[in-house]
Amino acid sequence: MFDVVVVGAGPAGSMAAKTAAEKGLNVLLIEKRQEIGTPVRCAEGISKESLKRFVEIDKKWIAAEVIGAKIYTPDGTEVVMAEEMAGNEVGFVLERKIFDRHLARLAAKAGAEVVVKTTALGFERTQNGLRVKLRRLGEEWEVETKLLIGADGVESKIGRMAGIIKTLKISEIESCAQYLMSGLDIDENYTYFYLGNELAPGGYAWIFPKGDRSANVGIGVLPSLAKMAAKHYLDRFIEKAGIKGKIVEFVAGAVPVYGEIDTAVADNIMLCGDAAYHSDPITGGGIANALSAGYHAGLVASEAVARKDFSASFLKRYDELWKADFGWKLRRNKKLQEFFLKLDDSTLNSLAKSIAGKNIKEMSVQAIITELLRNNPSLLGLFGELFS
């Protein structure tokens, strides 16, 4: 019997497996795809500090280093967030195909058994824990485990079978499309964000440099507000922005923007990463939260094994940890998302103009809101309490 079976070898799953294995647990990590890290389904951006919390930074999976971000509203107003000293990188654009495999290797090095091209079909409860049904290359078999960690992405099968999550509404999920483009003429010191209700209803477009004149060029839209597929919005953005380059890859996917869920646990089960809707409702970013959640899940798994207590009431220790770490940001940013969704393009332009040219030294949602409040005291009544 395994102590822990982890489903999904993305950042959340591999970090959970690594942490649990380092604590001496008997861990199985399974991934349904043939190659861990492919296909890439995100813009691949993460802050330097978020990464340093959990892994030693290795240049081989850093595609680009950035010193700041530039945000553009519909009328072209530019808001810049950047460190004062150019060259002092504050953010990374990862090469996820290499990064995710690196994390899985760390889990294996810590002692976890890693198996690819293996799908979790379901589970049933037994007297001693769970029996998990797996399938690989047409062959089905079962393993028994004390704990099951679902890191199987948005619309998690594990989460739905456990009754922890339900199918998301179309207003609770971003539909995303992204090209990897080469031959671009951009300043690779910055990431770029483009806002506008016509440009990207309920979302934004982005350019994340990946070095050597290449970049992830993508868009996310809320299906409840969009009038066409995300790819059509992306193609229109590229044409209107005059982005010239060669399309090398295309990926599409979905990102939960639900906010904080009440609980990510059931008896013998924990969810982390997109499976627990841990991505940020404002930015859609999820790598940092996935690493944090995976770490906390692995830690609580070791405590549960030590205490021989796999009940939901004990596993709520995991809820306490991720909510204290970043759950409060999900709760706050969901309220901010709902606020910004009500703004028309004219108001977006006006707010951006009020802070354009200001010295915003930190790349964060909080830094922008703080600057907006400083220059627009009337907003205090709307969301000032969120930052008090």
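Helices and strands are here DSSP runs numbered from the N terminus, and in this predicted model the loop between strand 14 (204-211) and strand 15 (214-221) is the place of Asp 212. The phi angle of Asp 212 is near 55°, a positive value in a residue other than glycine. At 75% relative accessibility, Asp 212 counts as exposed, because the cut-off for that class is over 50%.

A positive phi also occurs at Tyr 277, where the angle is near 60° and the residue is again other than glycine. Tyr 277 belongs to the loop between strand 18 and helix 6, and with a relative accessible area of 2% Tyr 277 is buried.

Leu 147 has its place in strand 11 (residues 139-150) and is buried, with a relative accessible area of 0%. Beyond its neighbours within four places in sequence, Leu 147 is in contact with Asp 3, Val 4, Val 5 and Asn 268, and also with Ala 301, Ala 304, Val 305, Phe 310 and Leu 315. Between Leu 147 and Ser 50, by C-alpha positions, the separation is 27 Å in space and 97 residues in sequence.

Ala 301 is a residue of helix 6 and counts as buried at 0% relative accessibility. With neighbours within four places in sequence left aside, Ala 301 is in contact with Val 4, Leu 25, Leu 147 and Met 270. Ala 301 and Ile 269 are 32 residues apart along the chain, and their C-alpha atoms are separated by 9.6 Å.

**Helix packing**

| Helix pair | Axis separation | Angle |
|---|---|---|
| Helix 6 and helix 7 | 8 Å apart | about 165° |
| Helix 8 (residues 345-355) and helix 9 (residues 365-375) | within 9 Å | roughly 85° |
| Helix 7 and helix 9 | within 12 Å | roughly 55° |

Helix 6 and helix 7 pack at an angle of about 165°, which means that helix 6 is roughly antiparallel to helix 7, and their crossing is right-handed. On the helix 6 side, Asn 289, Ser 292, Ala 293, His 296, Ala 297, Val 300, Glu 303, Ala 304 and Arg 307 take part, and they meet Phe 314, Leu 315, Arg 317, Tyr 318, Leu 321, Trp 322, Asp 325, Phe 326 and Leu 330 in helix 7. By class, the residues of this contact are eleven nonpolar, three polar and four charged.

The axes of helix 8 and helix 9 cross at roughly 85°, so helix 8 is roughly perpendicular to helix 9. Leu 351, Ser 354 and Ile 355 of helix 8 make this contact with Ile 368, Glu 371, Leu 372 and Asn 375 of helix 9, and the contact divides into four nonpolar, two polar and one charged residues.

For helix 7 and helix 9, the angle of roughly 55° makes helix 7 oblique to helix 9, and the crossing of this pair is left-handed. Helix 7 contributes Arg 332, Asn 333, Leu 336 and Phe 340 to the contact, and helix 9 contributes Val 365, Gln 366, Ile 369 and Leu 372. Five nonpolar, two polar and one charged residues form the contact of helix 7 with helix 9.

Definitions and conventions:
Residues are numbered from 1 along each chain as its sequence is written. This is a predicted model: local features need pLDDT of at least 70, side-chain atom pairs count only at pLDDT 80 or more; totals for chains, interfaces and linings use all residues. Side-chain values use heavy atoms; hydrogens and water are left out. Axes are lines fitted to C-alpha atoms, for helices over the stretch in contact, and angles run from 0 to 180 degrees between N-to-C directions. Helices (H or I, at least four residues) and strands (E, at least two) are DSSP runs, numbered from the N terminus. Angles under 35 degrees count as roughly parallel, over 145 as roughly antiparallel, 65 to 115 as roughly perpendicular and the rest as oblique. A crossing is left-handed if the near helix is turned anticlockwise from the far one by less than a right angle, and right-handed if clockwise. Contact means heavy atoms within 4.5 Å. Ala, Val, Leu, Ile, Met, Phe, Trp, Tyr, Cys and Pro count as nonpolar, Asp, Glu, Lys and Arg as charged, and the others, Gly among them, as polar. Buried means under 20% relative accessible area, exposed over 50%, partly exposed in between (1.4 Å probe, protein chains only).
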